[in-house]
Amino acid sequence: MSKTDEQQKAILNNIPDQAWLKDADSRYILVNEAFVAACRLPEQQILNRTPVDVWPQEWGREYIDTDRRVMEQGVRLRYEERRHAEDGTLRWYDTIKTPVRNEHGDVIGSTGISRDITDRKLAEQELLESRSQLRELSAYLQSVREEERTRISRELHDELGQSLTAIRIGLGVMETQLQQDGCSADSDCSRNLQQLKHIADSTVESVQRIAADLRPLILDELGLASALDWLLESFGERSRIAVELILPPTLPVFSRDISTAIFRILQESLTNVSRHSRATSVVVELREDERDVLLKITDNGCGIDANDSRENSLGLIGMRERAFMLGGTLKIQSRKGSGTSIDVRIPKSPAGDRA
Ligand SMILES: Nc1ncnc2c1ncn2[C@@H]1O[C@H](COP(=O)(O)OP(=O)(O)OP(=O)(O)O)[C@@H](O)[C@H]1O
Ligand SMILES: [Mg+2]
């Protein structure tokens, strides 16, 4: 081996990835130590042989094919390949093949380098799997939470609400009876009764409000349009921000999942509008096209300041996730000083139902 060859070999052996040089017939001319180790053959049994002589037949044929492509096209190729190791495990490689030219520019062979990226691929796969598991868990928790809220809301409304109403009616009857029995309106007894009537009234109101905040029965009983109407109206009253709801003349009955997602996304958006936007008006539009339900929420506030995002802000992530879980998307358009617009698109039928 000449001094130059030795120097080239030293450089090649310094590379931790498999590296080689082949002639125009795909015969190995030079290979590095990493290649010899991966091949598990002595170097003498590799040099001057082709890939089918040193690798399993199937791989060898594939390597010769890619050598040809590189030499015919005269351009560098980079690709990822999967190979089963002898023990049956699947391994991934990032391979680069480049044509080698003589001084006239004719292609006289190829050179290549192949990096084992199995660990990176496994980590990527694991990350994807754990992300999808987290998404499933989050979807499951959302639905359990929604069920629980519905149940508590119903019980508050039906059980507690009914009992309080009965107490309220009973107090009214007692008041009439006291008057008939000649008890004066400013007697202690009458005053206590009045107080009890006030307490009962405000408790009925509180129960109704708490039940509606948990999950408005209107959403299940009268549908999405009425629920959005109710939500915007109560938001307008509480926040003193002007609200407008644009609805088409007719809307179909959407699935419970879609209605819940749209309702909760709007609820969260309105919370953001009142907490962060300093807006004076908000416009909400719900419509449908052939495929999707579309919700657009636009405020005329200060816009989202990208530098202002807090690490533990979960509202926007949760909204996006709700749309994603149903195969939809959520896009935010916002510029500092010129308001925020949120576009939600959710398919009317689950992804699998569509052709
Ligand atoms: N309509 C809006 N106008 C202006 N800024 C907004 C608006 N909506 C969101 N933001 C900005 O985006 C940030 C992220 O909102 P996000 O709802 O994710 O979190 P948050 O409201 O801060 O906290 P939470 O997790 O309680 O919802 C907010 O902190 C705020 O700075
Ligand atoms: Mg928020």
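Student: What separates the centres of domain 2 and domain 3?
Tutor: In this predicted model, the two centres, taken over C-alpha atoms, are 25 Å apart. The domain assignment places domain 2 at 119–215 and domain 3 at 219–355, with domain 1 at 3–116.

Student: How do you know that residues of domain 2 are in contact with residues of domain 3?
Tutor: The test is whether two C-beta atoms, placed from the backbone, lie within 7 Å. By that test, four residues of domain 2 are in contact with four residues of domain 3. On the domain 2 side, these residues divide into one nonpolar, one polar and two charged.

Student: What is the secondary structure of the protein?
Tutor: It comes to 10 helices and 10 strands.

Student: Why is the protein called more spread out than a compact globule?
Tutor: Set the value against the rule: for 355 residues the globule rule gives 20 Å, and the radius of gyration is 36 Å, well over that, so the protein is more spread out than a compact globule. Along the principal axes, its C-alpha atoms fill a box of roughly 125 × 45 × 40 Å.

Student: How many of the 355 residues count as buried?
Tutor: The share is 19%. To count, a residue needs 20 or more other C-beta atoms within 10 Å of its own. In helix 9, residues that are buried include Ile258, Phe263, Leu266, Asn272 and Ser277.

Student: How do you know what span is expected of helix 9?
Tutor: The expected span is 1.5 Å times one less than the number of residues. Helix 9, residues 256–277, has 22 residues, and the expected value is 32 Å. From first C-alpha to last, helix 9 reaches 30 Å, which is close to that expectation. Just after helix 9, Arg278 takes a positive phi of about 55°.

Student: What makes up the shell around ligand 1?
Tutor: There are 19 residues around ligand 1, and the closest are Asn272, Ser277, Ser313, Gly315 and Leu316. Helix 9 gives the largest share of the shell, five residues. Helix 10 (315–325), like helix 9, supplies at least two.

Student: And how does that shell divide by class?
Tutor: It has five nonpolar, nine polar and five charged residues.

Technical notes: Residues numbered from 1 in each chain as written. Chains lettered and ligands numbered in written order. Predicted model: local features only at pLDDT ≥ 70, side-chain atom pairs only at ≥ 80, totals over all residues. Helix = DSSP H or I, 4+ residues; strand = E, 2+ residues; numbered from the N terminus. Buried ≥ 20, exposed ≤ 12 C-beta atoms within 10 Å, placed from the backbone. Rg over C-alpha atoms; globule rule 2.2 N^0.38 Å. Domains from an automatic or database assignment. Nonpolar A, V, L, I, M, F, W, Y, C, P; charged D, E, K, R; others polar. Near = placed C-beta within 6 Å.
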